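Hi! Here are my notes on the model you asked about. Keep the picture open while you go through the points.

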2 protein chains.
Amino acid sequence: MSNKKVPESTISRLFLYLREITELAKINIKTISSSELGDRTNLGDAQVRKDLGYFGQFGVTGAGYSIADLKKSLEKILGKDKKWNVALIGTGHLGTALLAYSGFGRHELDIVAAFDADAKKIGKKFGDITVRPISELEKLTKEKNITLSIIAVPAAEAQGVAETIIKAGIECILNFAPVSLNVPEGVKVRNVDFSRELEILSYFAANKGNGRETLK
Amino acid sequence: MSNKKVPESTISRLFLYLREITELAKINIKTISSSELGDRTNLGDAQVRKDLGYFGQFGVTGAGYSIADLKKSLEKILGKDKKWNVALIGTGHLGTALLAYSGFGRHELDIVAAFDADAKKIGKKFGDITVRPISELEKLTKEKNITLSIIAVPAAEAQGVAETIIKAGIECILNFAPVSLNVPEGVKVRNVDFSRELEILSYFAANKGNGRETLK
DNA sequence: AAATGTGAATTATTTCACAGCC
DNA sequence: GGCTGTGAAATAATTCACATTT
């Protein structure tokens with residue numbers, strides 16, 4: 001196992017591999033090679049091996065990987081063997097869609113509390129989750145052992161909400177608001193910005209085969 | 001202007017810059033330097049200049065960039081000066097949240113048609129959009145000049161839907177389903193996978209300060 | 001024979017650093 | 001003096017290629 005810094009893209013792909021072999025395990029397939037796994041995830045075989053290599057040696061030379069073993073190892077590495085509680089802030093269209101998702105089992109990531117600034121929404125129920133005022137975030141974070149948060153509020157409010165989240169002691173934020181959040185060292189933010197994703201596609205649509213080829 | 005291949009990450013950041021200077025233009029600010037723009041987007045000044053440099057020379061040495069000019073240039077480069085029509089496939093929780101978003105003006109990207117496989121949903125109205133059967137996708141694509149598509153269906157159906165989209169002549173897909181789509185050369189796919197994003201955060205939560213530092 | 005694990009080579013991206021201009 | 005534009009340097013990520021193991 002190497003001791004080098006693990007690229008974030010590697011982590012992202014490991015979840016992809018895990019997802020894939022979880023499907024394969026269901027249909028009782030026992031082993032897989034790096035090139036098969038690469039094909040299934042649209043990646044190269046060397047990429048698969050290098051990614052796994054950051055964390056240890058999981059394969060058998062000449063034979064590939066045992067799906068059961070690799071699955072267990074990846075779950076351990078990726079923190080899938082523990083349950084992570086999530087706070088959702090913002091219960092507009094997107095927030096409620098996320099709540100509905102979270103309801104669908106299958107995830108080990110559970111939204112356990114929802115918050116909103118809008119007084120009209122406080123007290124609303126989604127399944128067994130009741131919407132609460134943001135002022136209660138800190139209290140609930142302690143009570144429910146919350147470690148992850150989702151920001152699903154309008155752009156103008158996102159920075160303020162982020163600060164409240166951090167004050168409550170949560171250090172990981174999934175931000176759906178289209179703004180660049182400013183957070184202190186040690187706080188981890190990931191952005192999901194689908195209007196930007198769609199815009200990027202429109203760039204490709206606008207530049208199809210005009211010689212400045214960014215497509216690959 | 002360089003003639004080198006433009007990294008996709010550059011395109012992504014250009015939209016960030018454009019978003020920022022659009023805000024500044026509103027409050028009547030006239031010029032900005034690369035380092036100010038970098039600060040506002042949490043990027044370095046050299047990164048800003050290099051990104052812009054792929055497309056031309058927009059600044060004035062010693063004085064920075066004219067916001068009005070840069071805004072116009074970026075809109076042109078990024079295809080924001082044209083309107084791009086979008087087809088949405090899948091009108092579950094997520095799909096309807098996206099429809100609601102699209103309704104909110106401000107975007108030049110318009111969902112102009114929505115499709116679903118579920119007979120019970122056909123005919124439903126969201127604002128001025130009526131849900132249609134997927135069999136009509138190709139017809140509507142021609143009629144409404146659709147160039148972009150959004151897949152918001154369950155994972156198991158995503159590949160089939162992608163093939164239908166491509167057959168209809170659409171070459172850009174924003175895929176929300178948690179699967180790796182297989183598409184022919186020339187078709188551009190971007191994936192938005194928020195359960196994976198949340199999982200990645202959980203990895204960081206699981207590995208906070210354990211020596212294998214992937215955080216930066 | 002097949003397929004891993006991993007250094008080395010390659011390619012891509014970011015950051016530096018500074019000449020040149022306003 | 002401040003700031004752009006851009007080669008060069010540094011860093012990061014991917015891909016190659018092969019010795020090694022079963």
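**Notes on the model**

1. Let's start with chain A: 47% of its 216 residues are buried, where buried means under 20% relative accessible area, exposed means over 50% and partly exposed is in between (1.4 Å probe, protein chains only). Bear in mind that this is a predicted model, in which local features need pLDDT of at least 70 and side-chain atom pairs count only at pLDDT 80 or more, while totals for chains, interfaces and linings use all residues. As for bookkeeping, residues are numbered from 1 along each chain as its sequence is written, chains are lettered from A and ligands numbered from 1 in the order in which they are written, and side-chain values use heavy atoms, with hydrogens and water left out.

2. Chain A contains 8 helices and 10 strands; helices (H or I, at least four residues) and strands (E, at least two) are DSSP runs, numbered from the N terminus. Its C-alpha trace spans about 60 × 50 × 35 Å along the principal axes. Take the contacts in chain A with a separation of 6 or more: 56% of them come from residues 24 or more positions apart. Contact here means heavy atoms within 4.5 Å.

3. Now look at helix 2 of chain B, residues 34–41, where Ser34(B), Leu37(B), Gly38(B) and Thr41(B) are buried. They sit on the same side of the helix because they cover an arc of only 105° around its axis, the arc being that of the directions from the helix axis to the C-beta atoms. What covers these buried residues? The cover includes helix 1 (8–26), strand 1 (31–32), helix 3 (45–53) and strand 3 (64–66) of chain B.

4. Most residues other than glycine have a negative phi. Asn42(B) belongs to the loop between helix 2 and helix 3 of chain B and is partly exposed, at 38% relative accessibility. Over in chain A, Asn28(A) also isn't a glycine and has a positive phi of about 70°. You'll find Asn28(A) in the loop between helix 1 (8–26) and strand 1 (31–32) of chain A, and it is exposed at 53%.

5. How do helix 1 and helix 4 (residues 67–78) of chain B pack? Their axes are 10 Å apart, at an angle of about 140°; axes are lines fitted to C-alpha atoms, for helices over the stretch in contact, and angles run from 0 to 180 degrees between N-to-C directions. That makes the two helices of chain B oblique: under 35 degrees counts as roughly parallel, over 145 as roughly antiparallel, 65 to 115 as roughly perpendicular and the rest as oblique. Residues of helix 1 that meet helix 4 in chain B include Ile11(B), Leu14(B) and Phe15(B), and among their partners in helix 4 are Ile67(B) and Leu70(B).

6. Which residues of chain B does Glu197(A) touch? Leaving out residues up to four places away in sequence, they are Leu174(B), Arg190(B) and Val192(B). Glu197(A) lies in helix 8 (residues 194–206) of chain A and is buried at 16% relative accessibility.

7. Last stop: Thr130(B), in strand 7 (residues 129–133) of chain B. Thr130(B) is partly exposed, with a relative accessible area of 28%. Not counting residues up to four places away in sequence, Thr130(B) touches Ala114(B), Gly123(B), Lys124(B) and Lys125(B).
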